[in-house]
Amino acid sequence: MMQSVEYPDGARFIVQYIPIINNAINMSRSFTPPDTLSQDEIRTIADVRRDIWTNSFRGMGYGAATGVAGHSILSFLVSRDIVPKMKLNRNTATFTVLLCASLGSFLAATVTGKNAVHNLHPIFEVGAVKRLPKPGDDSELSEYQKNLEQAKAN
């Protein structure tokens, strides 16, 4: 929508107003979870996210410390002629620390996510459309679904 604006000094400007969609302002959908989730399920998702983030930063710290220690030990070994001569300077130190920090962060986040995914399995089924097979017809069920139905029956 275009609108002309005139200021007291006689200057005229044409201003274009851009309509903003309410949902476009939201930073993340995590702040507005769907209505199908209960408060316990929302809390579970938040706990899993928090665990992944905190352990990722811990892994980054441990990885950076490992990089500092590794580079220091390697430079000591090079100075004693225990390992072949190589050029070690602040560039290789920075590279080693950043590489180890990023690997530590990635590995810690991945392991935490894999260990915590079992908490999310009930949430994955919320709102899912379940097909009920005909009695005696197991052809549409996967092996996992068959085992799940068998475990629920027992």
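The protein has five helices and two strands, in the order β-β-α-α-α-α-α from the N terminus. Where pLDDT is low, the predicted coordinates should not be read in detail.

Of the 154 residues, 12% are buried. The accessible surface of the protein is about 12800 Å², and carbon and sulfur atoms contribute 60% of that area.

Side chains of opposite charge can pair when their charged atoms come close. The whole structure contains three salt bridges. One of them links D40 and R43, with an N to O distance of 3.0 Å. Both residues sit in helix α2 (residues 39–79), three residues apart, which is about one turn of the helix. D40 is exposed, at 52% relative accessible area, while R43 is partly exposed, at 46%.

Helix α2 also holds D47 and R50, again three residues apart and about one turn of the helix. Their side chains form a salt bridge at 2.7 Å, N to O. D47 is partly exposed, with 32% relative accessibility, and R50 is partly exposed as well, with a relative accessible area of 46%.

A further salt bridge pairs the side chains of D81 and K85, at 3.5 Å from N to O. Both D81 and K85 are exposed.

Definitions and conventions:
Residues numbered from 1 in each chain as written. Predicted model: local features only at pLDDT ≥ 70, side-chain atom pairs only at ≥ 80, totals over all residues. Heavy atoms only, no water. Helix = DSSP H or I, 4+ residues; strand = E, 2+ residues; numbered from the N terminus. Buried < 20%, exposed > 50% of the residue type's maximum accessible area, 1.4 Å probe, protein only. Areas by Shrake-Rupley, 256 points an atom, 1.4 Å probe, with all protein chains shown as cover. Salt bridge = Lys/Arg side-chain N within 4 Å of Asp/Glu carboxyl O.
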